[in-house]
Amino acid sequence: MSIFSNSINRQNLLNDFAQKQRNKTIAFLRRNYSLSEGDCEDVFQESFIVLYSNIKEGKLDNLTSSISTYFMAICKNKTMELLRGKGK
């Protein structure tokens with residue numbers, strides 16, 4: 001059984017995770033991709049939605065990396081989508 005199986009536990013864990021990851025993720029995106037603060041916020045939020053959806057769908061039940069590493073990979077993919085859309 002996944003640690004995310006209980007709805008209340010899932011919400012608490014995700015809220016804690018988001019609070020801990022937000023500044024770290026935004027700093028990483030600004031430093032490595034030269035994104036604006038607003039673009040970094042958008043990427044973070046879109047990535048978090050993907051993470052949440054994947055958890056609800058049970059896609060992380062057999063995760064082999066840390067949740068942080070998995071989330072950063074989502075952020076990198078969302079950043080690349082953004083940059084392709086802007087033609088950078």
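**View 1. The whole chain.** The protein chain has three helices and zero strands (DSSP runs, numbered from the N terminus: helices are H or I with at least four residues, strands E with at least two). This is a predicted model, where local features need pLDDT of at least 70, side-chain atom pairs count only at pLDDT 80 or more, and totals for chains, interfaces and linings use all residues. Residues are numbered from 1 along each chain as its sequence is written, and side-chain values use heavy atoms, leaving out hydrogens and water.

**View 2. The largest nonpolar core.** Here 19 residues come together, and Leu-29, Leu-35, Phe-48, Leu-51 and Phe-71 have the most contacts inside the core. Such a core is a set of buried Ala, Val, Leu, Ile, Met, Phe, Trp, Tyr and Cys residues joined through side-chain atoms within 4.5 Å; buried means under 20% relative accessible area, with a 1.4 Å probe and protein chains only. Helix 1 (7-33), helix 2 (37-56) and helix 3 (67-86) each give two or more residues to this core.

**View 3. Phe-44 meets Phe-71.** The ring centres of Phe-44 and Phe-71 sit 5.4 Å apart with planes at 75°, so this pair is edge-to-face (rings of Phe, Tyr and Trp, its six-membered ring, pair if their centres lie within 6.5 Å, and planes over 60 degrees apart count as edge-to-face). Phe-44 is in helix 2 and Phe-71 in helix 3, so the pair ties together parts 27 residues apart in sequence. Phe-71 is buried, at 0% relative accessibility.

**View 4. Phe-48 joins in.** Phe-48 and Phe-71 also pair edge-to-face, at 6.3 Å centre to centre and 75° between the planes. Ring pairs link Phe-17, Phe-44, Phe-48 and Phe-71 into a cluster.

Definitions and conventions:
Buried < 20%, exposed > 50% of the residue type's maximum accessible area, 1.4 Å probe, protein only. Phe/Tyr/Trp six-rings, centres within 6.5 Å; stacked < 30°, edge-to-face > 60°.
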